Amino acid sequence: MVTSTLTSYVYQDLELSNTMLVTILLAAVFLGGKQPTRQAMRRLLNPGDFWGKVWLYSPHRQVWSGMKRALPPVVSRKVRSGVRTASKMMLGRSALRKLALIKFLRYKHSQKHGHHATKGRHNRTINLYRRMPLKTLSRLWGKFNQMELPIFLRKPLLGLYIWMFGCNIEEAEIEDLKLYRNLGEFFRRQLKPHVRPIDNEHILTSPADGKILYYGEVKNGILEQVKGVTYSLRGFLGPQTWTASPQVQDVSHISDEDYQKVLSLKPGNELYHVIVYLAPGDYHRFHSPATWTIHHRRHFPGELLSVNPGVARWLQGLFNFNERAVYTGEWEHGFFSMAAVGATNVGSIKIYCDEELETNTRTKHPEYTYFDKRFTTPVEVEKGDMFGEFNLGSTMVLIFEAPSGFVFKVKEGDKIKYGRPLGTAP
């Protein structure tokens with residue numbers, strides 16, 4: 001109810017009282033209870049678990065299963081019987097027999113072509129999900145984040161967020177919650193100096209706080225977003241042409257394997273990648289994972305699907321759909337790429353060395369459109385340098401060339417802090 005009211009006010013360009021809004025939110029917490037509110041907020045900000053399973057169930061099945069859990073067996077049977085009786089009265093027996101026949105034929109078809117039928121339902125759900133106005137919702141969320149909070153409500157509201165997502169406010173440079181004017185400032189809070197020492201013994205460190213979704217060697221131009229679910233290297237980086245004008249990505253003329261070969265890796269080197277997922281409670285700035293030189297930026301103004309691990313397990317090629325800013329260049333071992341991938345409620349990606357970058361704009365572009373920028377003066381960055389920030393949690397993808405046998409110091413699912421070692425050359 002609060003969300004729909006907020007949306008209607010924004011679209012009608014009416015002035016919304018910040019005090020009234022946060023008061024309603026606090027009232028909802030106290031009336032509904034902390035635990036239900038915590039669960040609801042986590043589902044709202046991390047919809048991956050929901051979208052990862054929704055395609056398995058039809059709406060009527062969810063209704064009946066919920067009814068069976070909520071009602072005693074006797075009452076549930078009575079309700080079912082009443083629904084059947086009402087259906088007979090409204091539709092007639094002949095219509096019901098036709099519906100039963102249709103269901104039976106669908107069942108036989110799914111038994112005979114089970115894999116294809118399931119895949120068809122799965123693809124329809126993906127298409128439906130991609131049609132949702134997630135970019136508009138993310139812009140609304142961004143406006144909500146910038147709304148100035150009354151001073152007397154900053155501590156309870158931000159304290160609630162800290163409690164829900166387990167933020168460590170003691171690491172923040174500013175610990176007094178009353179000094180954060182809005183939620184956005186709290187998301188982008190800076191840490192105290194030296195609370196995260198940069199590891200100098202390993203050549204590659206984590207660019208952000210988060211969880212390791214996947215890491216490993218890139219084989220035949222295919223990367224894994226989670227174990228068993230892949231995406232294409234050529235789809236993620238786009239054509240290997242670097243111009244200043246907007247282009248439409250078309251790499252269908254080259255295979256994934258050939259695309260990787262065109263990168264011209266040095267003899268004895270291989271291509272590797274690491275994916276770090278930032279949850280809503282994590283520190284939202286990201287840093288350079290190594291000492292390298294940036295030559296080029298490619299911006300894909302794509303979609304803003306959730307990058308929650310639940311969605312990553314469900315939606316193949318997720319990172320190729322989403323809006324992302326890909327920075328490419330060189331480090332001591334050759335090719336190096338660092339990409340900031342947007343997500344639901346993360347329309348804003350800010351890069352400190354690239355003020356021209358604008359993300360989640362209202363302009364609509366054809367699918368696979370991208371914008372190139374070549375830095376006339378290459379940008380030198382040191383390991384640990386502050387690189388950019390997200391509005392909420394999202395994902396960092398590193399794709400880099402390194403000597404064969406590169407040793408990773410992390411495992412899939414590990415929680416990691418920025419500056420901690422990711423791996424080193426043998």
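Two residues are said to touch, or to be in contact, when heavy atoms of theirs lie within 4.5 Å. By that rule, and leaving out residues up to four places away in sequence, Asp-209 touches Arg-196, Val-276, Tyr-277, Leu-278, Asp-282, Tyr-283, Ile-416, Lys-417 and Tyr-418. The structure is a predicted model, in which local features need pLDDT of at least 70 and side-chain atom pairs count only at pLDDT 80 or more, while totals for chains, interfaces and linings use all residues. Residues are numbered from 1 along each chain as its sequence is written, and side-chain values use heavy atoms, with hydrogens and water left out.

**The annotated active site**

- The UniProt record, an unreviewed entry, places the feature "active site" at Asp-209, His-287 and Ser-394; such positions are given in the numbering used here, feature names are shortened, and annotations may be inferred rather than shown by experiment.
- These residues span 186 residues in sequence, yet no two of their C-alpha atoms are more than 14.0 Å apart, so they gather at one spot.
- Asp-209 is found in the loop between E1 and E2; helices (H or I, at least four residues) and strands (E, at least two) are DSSP runs, numbered from the N terminus.
- Is Asp-209 buried or exposed? Its relative accessibility is 2%, and Asp-209 therefore counts as buried; the word buried means under 20% relative accessible area, exposed means over 50%, and partly exposed lies in between (1.4 Å probe, protein chains only).
- Ser-394 is located in the loop between strand E13 (386–390) and strand E14 (395–403), and Ser-394 is buried, with a relative accessible area of 0%.

- Side chains of opposite charge can pair when their charged atoms come close.
- A salt bridge is a side-chain nitrogen of Lys or Arg within 4 Å of a carboxyl oxygen of Asp or Glu, and a search of the whole structure finds 14 of them.
- One of these joins Glu-171 to Arg-196, with the closest N and O atoms 2.3 Å apart.
- Why does the pair of Glu-171 and Arg-196 tie together parts that are 25 residues apart in sequence? The reason is that Glu-171 lies in the loop between helix H10 (151–165) and helix H11 (183–187), whereas Arg-196 lies in the loop between H11 and strand E1 (204–205).
- Both Glu-171 and Arg-196 are buried, the relative accessibility of Arg-196 being 9%.
- Arg-196 also forms a salt bridge with Asp-209, where the closest N and O atoms are 2.7 Å apart.
- Because Arg-196 lies in the loop between H11 and E1 and Asp-209 in the loop between E1 and strand E2 (210–217), this pair ties together parts that are 13 residues apart in sequence.

**Other salt bridges**

- The side chains of Asp-282 and Lys-415 form a salt bridge of 3.5 Å, N to O.
- This pair links distant parts of the chain, 133 residues apart: Asp-282 is in the loop between strand E6 (269–277) and strand E7 (285–287), and Lys-415 is in strand E16 (residues 415–416).
- Asp-282 is buried, with a relative accessible area of 9%, whereas Lys-415, at 57% relative accessibility, counts as exposed.
- A network of salt bridges links Arg-297, Asp-354, Glu-356 and Lys-373.

**A residue between two helices**

- Ile-174 lies in the loop between H10 and H11, and Ile-174 counts as partly exposed at 37% relative accessibility.
- Leaving aside neighbours within four places in sequence, Ile-174 is in contact with Ile-169, Leu-179 and Tyr-180.
- Ile-174 and Leu-191 are 17 residues apart along the chain, and their C-alpha atoms are separated by 8.0 Å.

**Strands and sheet**

- Three strands form an open sheet in the order E1-E17-E15, with antiparallel pairing; two strands pair if DSSP finds at least two bridges between them.
- E1 and strand E15 (407–408) stand at the edges, each with a single partner strand, so one side of each is left without a neighbour in the sheet.
- Two bridges join E15 to strand E17 (residues 421–424), and Gly-423 in E17 is the bridge partner of Phe-408.
- Thr-395 lies in strand E14 and is buried, with a relative accessible area of 0%.
- Not counting residues up to four places away in sequence, Thr-395 touches several residues, among them Ile-275, Val-307, Phe-319, Ala-339 and Phe-390.
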